[in-house]
Amino acid sequence: MSDLGDWFRSIPLITRYWFAGSIAVPLIGKLGLVSPVYLFLWPDAFINRFQIWRPITATFFFPVGPGTGFLYLVNLYFLYQYSSRLETGAFDGRPADYMFMLLFNWICIYVLVLLFLPEILLYVWAQLNRDMIVSFWFGTRFKACYLPWVILGFNYIIGGSVINELIGNLVGHLYFFLMFKYPMDLGGRNFLSTPQFLYRWLPNRRGGVSGFGVPPASMRRAAEDQQGGGRHNWGQGFRLGDQ
């Protein structure tokens, strides 16, 4: 149990609470402690019945059953892997910026009355590490930028929702384009900025746990131009498998 506890405490802070919630809330519904009817997002109940907890519980809830158990584990794995990699890689030492990314994607998803954040994390990570070679099942290897679309096909084969996957990729691309691509590569206006209250709650820190991937060259140049500000200090990071 101590090894399990050490592993859990080693998970980055935001990912740790999100991962724990994604296990606890479905388990509460599965055990019948709270009816699943009160856990998923139901717009009519949220708006007209003032059940304001639904957007929060729906973030963590997954309808686990005989036909969805494997898909739940796959999504839980993606959540742990790619949230950890983002939090300790591109957003290392900047928890407020990472929280802002999650909040932006969360709001966009709820505007569309859907919820599929793991795919958004996967898409953002794949774009920040687009030239990295990743491995998938059966030894297949390809660039990380193709991974979201490979996962889309994989989920379709095992019976998942292609619509949810597409929405997740769309919102992930919206964030990546507005936060990085448009202002840094195309020289456009910066439409997204982390609110100051998040920096007060989650201040930047120097020295992270580890690094996963290296930000694109344009982002590293932006970080060098703003040295000392902290908000765009991407750090070096390491690719998986490097010494």
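These are my notebook entries on a predicted model of one protein chain.

**Ground rules.** I number residues from 1 along each chain as its sequence is written, and I leave out hydrogens and water, using heavy atoms for side-chain values. Since the model is predicted, local features need pLDDT of at least 70 and side-chain atom pairs count only at pLDDT 80 or more, while totals for chains, interfaces and linings use all residues.

**Entry 1: the chain as a whole.** I began with secondary structure, taken as DSSP runs numbered from the N terminus (helices are H or I with at least four residues, strands are E with at least two). The protein chain has 11 helices and two strands. Along the sequence the order is α-α-α-α-α-α-α-β-β-α-α-α-α.

I then looked up burial, where buried means under 20% relative accessible area, exposed over 50%, and partly exposed in between (1.4 Å probe, protein chains only). Of the 243 residues in the protein chain, 46% are buried. The chain exposes about 13300 Å², and carbon and sulfur atoms supply 64% of that area. These areas come from the Shrake-Rupley method with a 1.4 Å probe; for residues, only the protein chains shown count as cover.

For contacts I used heavy atoms within 4.5 Å. Among contacts between residues at least 6 apart in sequence, 63% join residues at least 24 apart.

**Entry 2: the nonpolar core.** A nonpolar core here is a set of buried Ala, Val, Leu, Ile, Met, Phe, Trp, Tyr and Cys residues joined through side-chain atoms within 4.5 Å. Which residues have the most contacts inside the largest one? I found Leu86, Phe91, Met101, Trp125, Leu147, Tyr175 and Phe180, in a core of 48 residues. Among the helices that each supply at least two residues of this core are H2 (13-31), H5 (69-88), H6 (95-111), H7 (117-128) and H9 (162-185). Helix H8 (147-157) and helix H10 (196-201) are also on that list.

Leaving aside its neighbours within four places in sequence, Leu147 is in contact with Tyr82, Leu122, Trp125, Phe136 and Phe142.

Entry 3: H5 has 20 residues and spans 28 Å from its first C-alpha to its last, close to the expected 28 Å. I took the expected span as 1.5 Å times one less than the number of residues. Because 15 of its 20 residues are buried, H5 is largely enclosed by the rest of the structure.

In H8, I listed Leu147, Pro148, Ile151, Leu152, Phe154 and Asn155 as buried. They cover an arc of only 165 degrees around the axis, which puts them on the same side of H8; the arc is that of the directions from the helix axis to the C-beta atoms. The face turned away from this buried side carries the exposed residues Tyr156 and Ile157.

**Entry 4: salt bridges.** How many salt bridges does a search of the whole structure find? It finds two, with a side-chain nitrogen of Lys or Arg required within 4 Å of a carboxyl oxygen of Asp or Glu.

Arg9 pairs with Asp6, the closest N and O atoms being 2.7 Å apart. Both lie in helix H1 (residues 2-10), three residues apart, about one turn of the helix. Arg9 is exposed at 53% relative accessible area, and Asp6 is partly exposed at 43%.

Asp97 and Arg94 form a salt bridge at 2.4 Å, N to O. Here Asp97 is buried at 2%, and Arg94 is buried at 4%.

Entry 5: Leu202 is in the loop between H10 and helix H11 (217-225). Leu202 is buried, at 18% relative accessible area. Not counting residues up to four places away in sequence, Leu202 touches Ile14, Pro95, Ala96 and Met99.

Phe50 is in the loop between helix H3 (43-48) and helix H4 (54-60). Most residues other than glycine have a negative phi. Phe50, which is not a glycine, has a positive phi of about 60 degrees. Phe50 is exposed, at 62%.

Ser135 lies in strand E1 (residues 133-135). Ser135 is exposed at 51%, and touches Thr140 and Arg141, not counting residues up to four places away in sequence. The C-alpha atoms of Ser135 and Leu147 are 9.3 Å apart, for a separation of 12 residues in sequence.
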